[in-house]
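Reader: I would like to go through a protein model feature by feature. Please give the general idea each time, and then the case at hand.

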Amino acid sequence: MKASVIIPAWGETPHLGETRDCLARQTFRDFEAVVCAPPDDARNAGAARNAGLARATGDWVFFVDADDLPTPDYLRTAIASGERTGADVVAFRADEVDDRTGDRTPLPYLARLVPWADGKVHALDELGDARFTTLGIAPWNKAVRRDFLLRNGIRFQSIARSNDLAFTVELLSRAQTFAALDQSLIGYRVNNVDSLQHTNSQTPLLFLEALSEAQRRLDGRFASAFEALRVETQRYHLHSVRTLSAYRELAARLGVDGGLKARNRFLFTLLRNWETLADRGPLFCWRRLLGRIGR
């Protein structure tokens, strides 16, 4: 096969059928879809992705979550870029897809890769301290050569949340070249009550374990680039937790002064939506506000 699409899925996966329909509509046909559950002793997406990677046979590997929405040209466009440029990794933009309304909004942080989307291959060293923040830390907006992953023994961390952070950091630390595409090739579902992202307030500190594992794998390399990622990741999690209690727990662990935000639930809700306004727009914030009142 030219490509393997690895999908972690087990238990109740209400959106898996829609994801498989998207793959069935691909304009590129030489691929396999590997839907894998984790081993019984490691019930998480990282372990499932590792199981899928062990079974994959494609030249290129794609990692799709069980609720993602690949566009019809998802595989064809990414593989064509990789084959043409010879890059180790191909990264592309993605949209948020609101699970309740169907609205699509470009993910703002992936706009960072646009200046590099010139049809050429680039050395990852060109990114400097932005090595781990330019292309995004998620695996679902990337195509990776399978032989590169196997040669370097790169695997996902087996934890319940943020299992992709150490994987992507190690990938981008060992890869030599990348290509970027200024095209949105996949939809990332938000406002989905079944997703891990929706429940991140239940384990607000787990991403710190992922950061520690990523730093261990780097073994002192790219220290300033990792520090930039660490700061950005901490800010993201402070921004994204959905409950005041989770925010207080995380702020205390990070030594951050929550100020007024950590004293009053109503004020916390208002400020959290104000912070989101610049990235997501007023309608998104209004929906989030209505969803949080009463929690």
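This is a predicted model: local features need pLDDT of at least 70, side-chain atom pairs count only at pLDDT 80 or more; totals for chains, interfaces and linings use all residues.

Reader: How many helices and strands does the protein have?

Author: There are ten helices and nine strands. Of contacts between residues at least 6 apart in sequence, 75% join residues at least 24 apart. Buried residues account for 54% of the 295.

Reader: Which residues touch the most other members of the largest nonpolar core?

Author: F62 and L149 do, in a core of 76 residues. Strand β9, residues 177-190, supplies the largest share of this core, with eight residues. Beyond its neighbours within four places in sequence, F62 has contacts that include V5, I6, L75 and I79.

Reader: Is R189 buried or exposed?

Author: The cut-off for buried is under 20% relative accessible area. R189 has 6%, so R189 counts as buried. The residue lies in strand β9.

Reader: Which side chains make polar contacts with the side chain of R189?

Author: One is that of D99, at 2.8 Å, and another is that of H15, at 3.4 Å. R189 is also in contact with E18, D67, D68, L69 and V97.

Terms used:
Residues are numbered from 1 along each chain as its sequence is written. Side-chain values use heavy atoms; hydrogens and water are left out. Helices (H or I, at least four residues) and strands (E, at least two) are DSSP runs, numbered from the N terminus. Buried means under 20% relative accessible area, exposed over 50%, partly exposed in between (1.4 Å probe, protein chains only). Contact means heavy atoms within 4.5 Å. A nonpolar core is a set of buried Ala, Val, Leu, Ile, Met, Phe, Trp, Tyr and Cys residues joined through side-chain atoms within 4.5 Å. A polar contact is a pair of N or O atoms within 3.5 Å; within protein, one must be able to donate a hydrogen and the other to accept it, and residues adjacent in sequence count only if both atoms are side-chain atoms.
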